[in-house]
Amino acid sequence: MGRATTRVTRDTSKATTKGTKDNSKRYREKIKNDPIKFQEYRAREAERSRLYRKKLKEVVKKNKKVLKTKREHDRIRQQKYREKKKEELANQKSMEEMLKKVERALPAKNSRKIEVIKMLYRKYVEPESAEE
């Protein structure tokens, strides 16, 4: 089985990256649109989950250490996820604060605001697009 890689598709305007996340999202949306396929998908997933739980139960019966290590891994995985969410929330708040500061610094007159924003766009965004 090969590694999951992202592929770059060339568009006339700009290059975009399509990966597993995008493909999975499109697949789920496609299935949800067709009720029959969605029911089949749900049945397959239920069966898969049932088999997983059954195998896990059998393994745990034989070896109690496995259950302990699994719980430990789950606990660590959850902690990492929660930390990541906290960081994302902190970054989002700081971005909102920066945006508020910038908006307060803009001129009161709308036409001047637009001019300033256009100048900043030319200064910071257009040179990046020219490099590509």
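Colleague: With which residue does arginine 50 form a salt bridge, and how far apart are the closest N and O atoms?

Modeller: The model is a predicted one, and the values below are computed from it. Arginine 50 forms a salt bridge with glutamate 47, and the closest N and O atoms of the pair are 2.7 Å apart. Both residues belong to helix α2, where a spacing of 3 residues places them about one turn of the helix from each other. Arginine 50 has a relative accessibility of 39% and therefore counts as partly exposed, since that class lies between 20% and 50%. Glutamate 47, at 35% relative accessibility, is likewise counted as partly exposed.

The protein has 5 helices and 2 strands, and along the sequence they follow the pattern β-β-α-α-α-α-α. Helix α2 covers residues 35-62, and helix α3 covers residues 64-105. Helix α1 spans residues 20-33.

On the α1 side the contact is made by Tyr27, Ile31, Lys32 and Asn33, which meet Pro35, Lys37, Phe38, Tyr41 and Arg44 of α2. These residues divide into 5 nonpolar, 1 polar and 3 charged.

With α3, the packing angle of α2 is about 125 degrees and the axes are 5 Å apart. This pair of helices, α2 and α3, is therefore also oblique. Here α2 contributes Tyr52, Leu56, Val59, Val60 and Lys62, while α3 contributes Lys64, Val66, Leu67 and Lys70. The residues of this contact comprise 6 nonpolar, no polar and 3 charged.

Glutamate 72 and arginine 75 meet through their side chains at 2.5 Å, N to O. They lie 3 residues apart in α3, which means a separation of about one helical turn. Glutamate 72 is partly exposed at 36% relative accessibility, and arginine 75 is partly exposed with a relative accessible area of 38%.

A further salt bridge joins aspartate 74 to arginine 77, with the closest N and O atoms 3.3 Å apart. These two residues of α3 are again 3 residues apart and so separated by about one helical turn. Through shared partners, salt bridges join Lys70, Asp74 and Arg77 into one network. Lys70 is also one of the α3 residues in the contact with α2.

Finally, some totals for the protein. The structure holds 7 salt bridges, among them the pair of arginine 50 and glutamate 47. Of the 132 residues, 3% count as buried. The accessible surface comes to about 13200 Å², and carbon and sulfur atoms account for 54% of that area. Among contacts with a separation of 6 or more, residues 24 or more positions apart account for 0%.

Terms used: Residues are numbered from 1 along each chain as its sequence is written. This is a predicted model: local features need pLDDT of at least 70, side-chain atom pairs count only at pLDDT 80 or more; totals for chains, interfaces and linings use all residues. Side-chain values use heavy atoms; hydrogens and water are left out. Helices (H or I, at least four residues) and strands (E, at least two) are DSSP runs, numbered from the N terminus. Buried means under 20% relative accessible area, exposed over 50%, partly exposed in between (1.4 Å probe, protein chains only). Contact means heavy atoms within 4.5 Å. Accessible areas come from the Shrake-Rupley method with a 1.4 Å probe; for residues, only the protein chains shown count as cover. Axes are lines fitted to C-alpha atoms, for helices over the stretch in contact, and angles run from 0 to 180 degrees between N-to-C directions. Angles under 35 degrees count as roughly parallel, over 145 as roughly antiparallel, 65 to 115 as roughly perpendicular and the rest as oblique. Ala, Val, Leu, Ile, Met, Phe, Trp, Tyr, Cys and Pro count as nonpolar, Asp, Glu, Lys and Arg as charged, and the others, Gly among them, as polar. A salt bridge is a side-chain nitrogen of Lys or Arg within 4 Å of a carboxyl oxygen of Asp or Glu.
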